Amino acid sequence: MNDTGVAAGPASGRTSRTHRFRGLAGTGFVATLAAMVATTLAAALARAVGVDFEIPDGGETIPLPGFAVVTGFFSVVGVVIAAALLRWSTRPAERFVWTAVSLTAISLVPPLISGADAAATTALLGLHLVPAAVMIPTLARSLRTRTD
């Protein structure tokens, strides 16, 4: 018997690409849940120490589940961006980090111009950074390991 040391691989690149997207989606799903929990807990902590998340224009207070919903939505948007970059970029991790950091910086503008008091503004700025601190490194790491 002659063993040439060649291992059989997938019949096409499609199987490998599908596996990479599924891995990214799974990682993104877990990271999204973690970001939602972390942000909601941080908002609950801020509320416990006296931060009032009242919107000056309408006078309504942002409910805790609202933080989870918005975090979940924009985290999924981040996963979609990561998947698009995985598909169409030669350097998806690097492009994702630049894109995500830029979008995070832009997301800091609304709390600054909301007219909320200093404590609420500071808390809202922090609550924008919490999910970014979870999602950006997790997805960037996943994009690096999926393309190497």
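A helix here is a DSSP run of H or I with at least four residues, and helices are numbered from the N terminus. By that rule, Ala-118 belongs to helix α5, which covers residues 118-147. The model is a predicted one.

The chain as a whole contains five helices and zero strands, so its pattern along the sequence reads α-α-α-α-α. Of its 148 residues, 28% count as buried. Among contacts with a separation of 6 or more, 71% are between residues 24 or more positions apart.

Is Ala-118 buried or exposed? A residue counts as exposed when its relative accessible area is over 50%; Ala-118 has 61% relative accessibility and therefore counts as exposed. Ala-118 also shows how sequence and space can be compared: Val-51 is 67 residues away from Ala-118 in sequence, while their C-alpha atoms are 9.4 Å apart.

Next comes helix α2, which runs over residues 64-88. Its 25 residues should span 36 Å at 1.5 Å a residue, and the C-alpha atoms at its ends are 37 Å apart, which agrees. The buried residues of α2 include Phe-67, Ala-68, Thr-71, Gly-72 and Ser-75. Also buried in α2 are Gly-78, Val-79, Ala-82, Leu-85 and Leu-86.

Helix α3 takes up residues 92-107. The same check can be made here: 16 residues at 1.5 Å each should span 22 Å, and the end C-alpha atoms of α3 are 22 Å apart, in agreement. Which residues of α3 are buried? They are Pro-92, Ala-93, Phe-96, Ala-100 and Thr-104. Viewed down the axis of α3, these buried residues fall within an arc of 85 degrees, so they line one face of the helix. On the face of α3 turned away from its buried side are the exposed residues Trp-98 and Ile-106.

How values were computed. Residues numbered from 1 in each chain as written. Predicted model: local features only at pLDDT ≥ 70, side-chain atom pairs only at ≥ 80, totals over all residues. Heavy atoms only, no water. Helix = DSSP H or I, 4+ residues; strand = E, 2+ residues; numbered from the N terminus. Expected span 1.5 Å × (residues − 1). Buried < 20%, exposed > 50% of the residue type's maximum accessible area, 1.4 Å probe, protein only. Arc of directions from axis to C-beta. Axes fitted to C-alpha atoms, helices over the stretch in contact; angles between N-to-C directions. Contact = heavy atoms within 4.5 Å.
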